[in-house]
Amino acid sequence: MTTDKIPAYIIAGFKGSGKTSLLLNLITQRPDGEVWLIVQNEIGEARYPDQENVYIENIPEGCLCCTSKLSLQVNLVKALRTRSYDRI
C-alpha cells in the first residue's frame, strides 16, 4: 500500500438533493486514465453506469459518520490494498 495522499471528496445531503446526479456528472468529466473509488452507503438506490477505472464500495450499515465508522475504515483499507486510486 502506498503512503501517497489521495484526494478524497465527501458528497452529502438529504435524499433527493442531487448527490447521485452530481456524481454522475463528475464521472463523465473524469480525466482519462484516472482511477476512482466511490464509497456509498445507499445500496440499491444509486446506480452508476459501468465505467472503466471507476470502482464502487458499498457500506451497508447506515450513516458513514455515525454507525458505520468501523465498516468504513475496514472497507477503505480493503479497497486500497487491492489497487491504486487517484481519487476517492
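Predicted model: local features only at pLDDT ≥ 70, side-chain atom pairs only at ≥ 80, totals over all residues.
## The aromatic pair

The model holds one aromatic pair. Its members are tyrosine 55 and tyrosine 85, with ring centres 6.1 Å apart. The ring planes meet at 75°, so the pair is edge-to-face; the cut-off for that class is over 60 degrees.

The pair links distant parts of the chain. Tyrosine 55 belongs to strand E2, residues 54-58. Tyrosine 85 lies in the segment after helix H2 (69-82).

Tyrosine 85 is buried, at 7% relative accessible area. Tyrosine 55 is partly exposed, at 27%. Tyrosine 55 also has a charge over its ring: the charged end of arginine 83 sits there, 3.7 Å from the ring centre.

## Valine 35

Valine 35 sits in the loop between helix H1 (19-28) and strand E1 (36-40). Its relative accessible area is 14%, so valine 35 counts as buried, the limit being under 20%.

Which residues does valine 35 contact, leaving aside neighbours within four places in sequence? They are Asn53, Tyr55, Arg83, Ser84, Tyr85, Asp86 and Arg87. Both rings of the aromatic pair, tyrosine 55 and tyrosine 85, belong to residues on that list. For arginine 87, the C-alpha atom is 6.7 Å from that of valine 35, across 52 residues of chain.

## Threonine 28

Threonine 28 is part of helix H1. Its relative accessible area is 61%, so threonine 28 is exposed. The side chain reaches back to the backbone oxygen of asparagine 25, at 2.6 Å.

Glutamine 51 is 23 residues from threonine 28 in sequence. Their C-alpha atoms are 9.3 Å apart.

## Helix H2

H2 has 14 residues. From first C-alpha to last, the helix reaches 20 Å, close to the 20 Å expected at 1.5 Å a residue.

Ser71, Asn75 and Ala79 are buried in H2. Seen down the helix axis, the buried residues fall within an arc of 60°, so they line one face. These buried residues pack against E1 and E2.

What does H2 carry on the face turned away from its buried side? That face holds the exposed residues Lys69, Leu70, Gln73 and Arg81.

Key. Residues numbered from 1 in each chain as written. Heavy atoms only, no water. Phe/Tyr/Trp six-rings, centres within 6.5 Å; stacked < 30°, edge-to-face > 60°. Helix = DSSP H or I, 4+ residues; strand = E, 2+ residues; numbered from the N terminus. Buried < 20%, exposed > 50% of the residue type's maximum accessible area, 1.4 Å probe, protein only. Lys NZ or Arg CZ within 6 Å of the ring centre and 35° of its normal. Contact = heavy atoms within 4.5 Å. Polar contact = N/O pair within 3.5 Å; in protein donor to acceptor, adjacent residues only side chain to side chain. Expected span 1.5 Å × (residues − 1). Arc of directions from axis to C-beta.
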